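This report describes the fold of one protein chain and the side-chain interactions within it. The account moves from the overall architecture to individual residues.

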Amino acid sequence: MSKIVIIFMSFSFILCQPGKGRGPGGQYQNRMETMMVWKLTDYLNLSEQQAEKLFPRMRRHRVRMGDLHAEEKDLFDSYLSKIKKEEKISQSDVNAMLKKMESLEQKKSTNRIDFIRSIKDILDPEQQIMFMSFEPYMKQEAQKGMKERYRKGPDRMMDKGKRRR
């Protein structure tokens, strides 16, 4: 009897472990990254050797960009918390925030340009141009997909066997 209780408790402990959360940094981030790698490989027509060199470098770049985005979020959060606490915000606070935002945007831009320059040993010139156009291309494709899904409506989606959330 005690063995059954121990086994049952072990299974319940294992099954009750929290998974990755949804949203940024959660399970969807991994899916998005996988999809982006697949789309970029196809879009640039990357060889296996190019992909092996490009994607680790790209992940490091994304980490650096993520740090800058987190810094930007912290900046906004600090001022938004002052507003929620109904503290007075002066024009000098706004000017200071604008200056910090300008600095962060400059860092992001410099980081992106430096990264693109750093991949010239991996990608040929045509692929470099295509790489620079990839982000706007992906955004356009995502918007197109969302518009198509929106136009279909929930009834048509149900016909295809997809359940509505």
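A salt bridge is taken here as a side-chain nitrogen of Lys or Arg within 4 Å of a carboxyl oxygen of Asp or Glu. By that criterion, the side chains of Glu 72 and Lys 108 form a salt bridge, with an N to O distance of 3.1 Å. The coordinates are those of a predicted model, and every value below is computed from it.

## Overall architecture

The secondary structure consists of five helices and zero strands, and the pattern along the sequence is α-α-α-α-α. Of the 165 residues, 20% count as buried. Among contacts with a separation of 6 or more, 61% are made by residues 24 or more positions apart. The protein exposes about 13,500 Å², and carbon and sulfur atoms supply 58% of that area.

## Salt bridges

Side chains of opposite charge can pair when their charged atoms come close. The whole structure holds four salt bridges; three of them are tabulated here.

| Salt bridge | Closest N and O atoms |
|---|---|
| Arg 57 and Asp 121 | 2.9 Å |
| Asp 77 and Lys 73 | 2.7 Å |

Arg 57 and Asp 121 form a salt bridge that links distant parts of the chain: Arg 57 belongs to helix H3 (residues 48–84) and Asp 121 to the loop between H4 and H5, 64 residues apart. Asp 121 is exposed, since its relative accessible area is 53%.

Asp 77 and Lys 73, by contrast, both lie in helix H3, four residues apart, about one turn of the helix. Asp 77 is partly exposed, with a relative accessible area of 33%.

## Aromatic pairs

A pair of aromatic rings is described by the distance of the centres and the angle of the planes. The structure holds two such pairs. In one, the ring centres of Tyr 43 and Phe 134 are 5.5 Å apart and the planes meet at 50 degrees, so the pair is tilted. This pair connects distant parts of the chain, because Tyr 43 lies in helix H2 and Phe 134 in helix H5 (residues 125–159), 91 residues apart. Phe 134 counts as buried, at 6% relative accessibility.

Phe 115 and Phe 131 form a tilted pair as well, with 5.7 Å from centre to centre and 55 degrees between the planes. Phe 115 is in helix H4 and Phe 131 in helix H5, so the pair ties together parts that are 16 residues apart in sequence.

Asn 111 lies in helix H4 (residues 91–118). Why does Asn 111 count as buried? Its relative accessibility is 12%, and the limit for a buried residue is under 20%. The side chain of Asn 111 makes a polar contact of 3.4 Å with that of His 61. Beyond its neighbours within four places in sequence, Asn 111 is in contact with His 61, Arg 64, Met 65 and Leu 68.

## Surface and loops

Met 32, Met 35 and Trp 38 make up a nonpolar patch on the surface, with about 350 Å² of accessible area together. Met 32 lies in helix H2 (residues 27–44) and is exposed, with a relative accessible area of 51%.

Most residues other than glycine have a negative phi. Asn 45 is not a glycine, yet has a positive phi of about 55 degrees. Asn 45 is located in the loop between H2 and H3 and is exposed, with a relative accessible area of 64%. Glu 86, another residue other than glycine, has a positive phi near 60 degrees. Glu 86 lies in the loop between H3 and H4 and counts as exposed at 72% relative accessibility.

Conventions. Residues numbered from 1 in each chain as written. Predicted model: local features only at pLDDT ≥ 70, side-chain atom pairs only at ≥ 80, totals over all residues. Heavy atoms only, no water. Patch = residues over 30% accessible without salt bridge, like charges linked within 9 Å, V, L, I, M, F, W, Y side chains within 5 Å. Areas by Shrake-Rupley, 256 points an atom, 1.4 Å probe, with all protein chains shown as cover. Helix = DSSP H or I, 4+ residues; strand = E, 2+ residues; numbered from the N terminus. Buried < 20%, exposed > 50% of the residue type's maximum accessible area, 1.4 Å probe, protein only. Polar contact = N/O pair within 3.5 Å; in protein donor to acceptor, adjacent residues only side chain to side chain. Contact = heavy atoms within 4.5 Å. Phe/Tyr/Trp six-rings, centres within 6.5 Å; stacked < 30°, edge-to-face > 60°.
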